[in-house]
Amino acid sequence: MTTITLSIPGEPITKKRPRFARVKGGVRTYDSQSEAAETMKWQMKARIKGQPPLQGALHLSLIYVFARPKSRVKLKEVFHTLTPDLDNLIKFSSDVGNDTLWYDDRQIVSISAIKIYGSHAQTIITVGQVES
């Protein structure tokens, strides 16, 4: 069973809704997150060092670590219960992993995810093949 674990530094990124623009009598959609997605994909590729995408059924584990705001330093909270929503964080991470960590996010058959506070912001991704 193959497992990949990597840490992406920086504030976790959420999947945003598609944006629309009126152009010459029509409507056009555009991806407002293409730069953020390409940056995260590049960071993933740099950390897996040429390893091919995983095949078969996969389990995805995501830990979203947020830096504790100064206004909450004295509080002993562990879990990040504020925005962004966990499902939007998962969607962005699973989309960006396509063709890098796995071939397509439809290979993911189970997910565990959590939002917590930590000393520095990062996204920790662990993906492994599921044994049948």
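I take helices, of at least four residues, and strands, of at least two, as DSSP runs numbered from the N terminus. With that settled, I looked up the elements of this predicted model and found that the protein chain holds two helices and six strands. Reading from the N terminus on, I noted their order as β-β-β-α-β-α-β-β.

Next I turned to the overall extent of the chain. I found that the C-alpha atoms fill a box of roughly 55 × 45 × 25 Å along the principal axes, and that of the 132 residues in the protein chain 34% are buried. When I looked up contacts between residues at least 6 apart in sequence, I saw that 84% of them join residues at least 24 apart.

Then I looked at the surface and the charges. The protein chain exposes about 8,500 Å², of which carbon and sulfur atoms supply 53%. I also noted 19 positive and 12 negative side chains, and the centres of these two sets lie 7 Å apart.

My last entry concerns one place on that surface. I found a nonpolar patch formed by Val78, Phe79 and Ile114, which together have about 260 Å² of accessible area. Where does Val78 sit in the chain? I located Val78 in the loop that runs between strand E4 (58-67) and helix H2 (86-96). I then asked why Val78 can be counted in a patch, given that patches take residues with over 30% relative accessible area. Val78 passes that cut-off because its relative accessible area is 47%, and at this value I record Val78 as partly exposed.

Technical notes. Residues numbered from 1 in each chain as written. Predicted model: local features only at pLDDT ≥ 70, side-chain atom pairs only at ≥ 80, totals over all residues. Heavy atoms only, no water. Patch = residues over 30% accessible without salt bridge, like charges linked within 9 Å, V, L, I, M, F, W, Y side chains within 5 Å. Areas by Shrake-Rupley, 256 points an atom, 1.4 Å probe, with all protein chains shown as cover. Salt bridge = Lys/Arg side-chain N within 4 Å of Asp/Glu carboxyl O. Buried < 20%, exposed > 50% of the residue type's maximum accessible area, 1.4 Å probe, protein only. Contact = heavy atoms within 4.5 Å. Lys, Arg positive; Asp, Glu negative; His and termini not counted. Charge placed at Lys NZ, Arg CZ, Asp CG, Glu CD.
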